[in-house]
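Good morning, colleagues. Please look at the model on the screen while I speak about its pockets.

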Amino acid sequence: MRSIRTKLLLALLIITLLPVYPLYHLVKDFFSRSLEVGFNEKVIEALENASGLSQIVFSQFREETLDLCRALKRSIRSPSLFKSAGRIKFNFTPIEKKYGAFRLQFYDKKGVFLRQHFSGAVLVYPAIYEAQLHAFQVKTALSFFETNPQPAFISVYVPAIFSNEKTGAMVVTRPLPTAFVEQSRQVIEVNQMFQAIGILRGDLEKSFILAFFVIYLSFTVLIIVLGYLFYQRISRPLIALAAGTEKVAAGDLDYRMQVKSGDEIGKLVDSFNSMIEKVKTKQEQVVELEKKAAWREMARILAHEIKNPLTPMQLTVQQLRDEYKGDDPLYSKVLAECTEIISDEIAALQKLVRTFSEFARMPEMQLVQADLNELIRDVRKLYKDADVDLDLSSNLPLIKLDDEQFRRILKNLFKNSLDSIKEKGAGRISISTVFQNETILIGFSDTGMGIKDEILPRIFEPHYSTKKQSMGLGLAIVKRIILEHGGSISVESQTGKGTRFSIILPT
Ligand SMILES: Nc1ncnc2c1ncn2[C@@H]1O[C@H](COP(=O)(O)OP(=O)(O)OP(=O)(O)O)[C@@H](O)[C@H]1O
Ligand SMILES: [Mg+2]
């Protein structure tokens with residue numbers, strides 16, 4: 001049995017591990033391919049184009065902003081605006097129309113904030129710090145703030161120069177167009193992601209392959225576990241079957257396997273059990289027939305040996321009586337009495353011998369297609385005075401049987417039952433037939449004396465009888481005939497209540 005397990009596990013291992021190498025390559029290949037989809041030149045070019053495009057848009061925006069600054073510078077002509085704080089009113093309507101939202105801040109020449117003006121939509125503009133401004137103090141031309149705390153805005157330092165003297169400065173802050181901000185953010189993100197993937201590529205591949213192996217290994221373990229469970233399911237009944245076969249081989253024909261299962265194993269077990277059942281019946285039949293054969297042989301020899309001298313003995317006794325010519329009346333009387341006793345005994349012996357040789361005679365079975373119900377009704381007619389109930393199945397098939405021998409079975413059963421009923425004083429006989437599972441069941445019961453438990457196992461033995469003047473051959477003959485028809489007979493009885501014989505016949 002171990003070898004089946006080893007073979008099964010080996011087969012499962014091979015099946016699960018065989019594809020691991022090609023699969024591994026496939027997975028690896030797939031992985032690099034899917035990465036390459038992202039890394040190929042077209043994608044990179046497109047990305048570069050995108051960032052190039054936003055670069056162009058951005059420089060255009062810068063140029064436009066410089067134009068705005070110049071326009072503002074042109075329209076602000078009062079140096080006092082850069083000297084002290086305070087509210088003042090501007091009218092930038094044409095500029096605003098052209099350039100949209102912006103913030104304009106005024107600083108004096110030391111870089112101190114004086115005032116500011118918001119144009120267009122109200123936005124949360126970034127704060128400008130003194131430290132930032134400080135770097136621009138020396139500038140005399142328009143300059144961009146290169147490090148803007150908020151990348152969505154662009155700020156320009158506009159020095160205010162009146163009659164060649166720097167009087168202060170303006171800072172113009174403009175929001176970048178939202179579409180542009182969103183686009184460049186995406187481009188940046190994708191770029192960053194690409195770089196990250198490029199760096200992590202090796203690690204990614206490793207963890208990808210590791211995941212593959214982990215999944216594959218769990219899969220293998222699962223298959224092995226399932227295989228083992230499957231093996232257990234198969235092997236348990238197989239081991240039981242092997243043990244059963246050994247038991248049966250050792251002669252235990254009562255062994256039955258207890259495995260319940262609806263699959264092929266269950267069928268195997270069922271057919272094993274029914275095979276043992278058949279072997280058992282066959283063996284019993286063979287044993288029975290062998291016993292009977294031996295018995296018959298002995299009966300035949302005995303009958304022959306006894307019968308032969310009986311006739312001369314009978315004649316001699318006759319002669320002994322007839323030949324006495326004396327006139328002693330007493331002797332004559334004794335002689336007559338004695339020869340009569342001897343004659344009677346010889347007659348009894350002859351009767352015994354006849355029964356014996358009848359039992360011993362083994363006529364060839366004359367099988368004919370017969371209606372069992374008909375046969376039962378026919379035999380029942382012989383016992384007119386008996387109380388008999390018939391319960392005969394209407395769907396009984398015709399079967400092949402030896403008509404005469406079967407009548408003999410019924411006569412013997414009738415005789416036994418009637419003896420028993422007579423002993424009890426009253427009782428009925430019931431006979432039934434049933435067709436079931438391709439077999440015919442005959443029930444023959446009476447409500448007679450019943451049979452005592454201790455003699456029940458012996459009633460089928462030849463020459464076993466509880467009756468004074470009987471040979472005890474009736475049931476032995478019944479059983480022999482039934483066995484010869486391939487059937488079987490069993491008996492149940494309750495003392496004082498009655499007896500039931502059950503006969504099973506194959507069809
Ligand atoms: N229906 C029955 N009721 C009670 N006892 C029975 C019945 N059938 C058989 N027996 C018992 O079984 C014994 C054996 O029966 P069997 O028919 O073999 O022999 P028998 O009737 O004694 O003699 P034979 O049939 O040879 O004249 C009987 O002696 C009787 O004790
Ligand atoms: Mg009898």
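The lining of the largest pocket comprises 12 nonpolar, 14 polar and 12 charged residues. Here Ala, Val, Leu, Ile, Met, Phe, Trp, Tyr, Cys and Pro count as nonpolar, Asp, Glu, Lys and Arg as charged, and the others, Gly among them, as polar. This is a predicted model, in which local features need pLDDT of at least 70 and side-chain atom pairs count only at pLDDT 80 or more, while totals for chains, interfaces and linings use all residues. Residues are numbered from 1 along each chain as its sequence is written.

The space in this largest pocket amounts to about 1,300 Å³. A pocket is an open set of points, on a 1 Å grid over the protein atoms alone, where a 1.4 Å probe fits, with protein on both sides within 12 Å along at least five of seven lines; lining residues have an atom within 4 Å of a point. The volume is the space filled by probe spheres set on the points, which are joined across faces, edges and corners.

Helix α10 gives the largest share, nine residues.

The second largest pocket has a volume of about 470 Å³. Its lining holds 12 nonpolar, six polar and three charged residues, and α6 supplies the largest share, seven residues.

Terms used
Chains lettered and ligands numbered in written order. Heavy atoms only, no water. Helix = DSSP H or I, 4+ residues; strand = E, 2+ residues; numbered from the N terminus.
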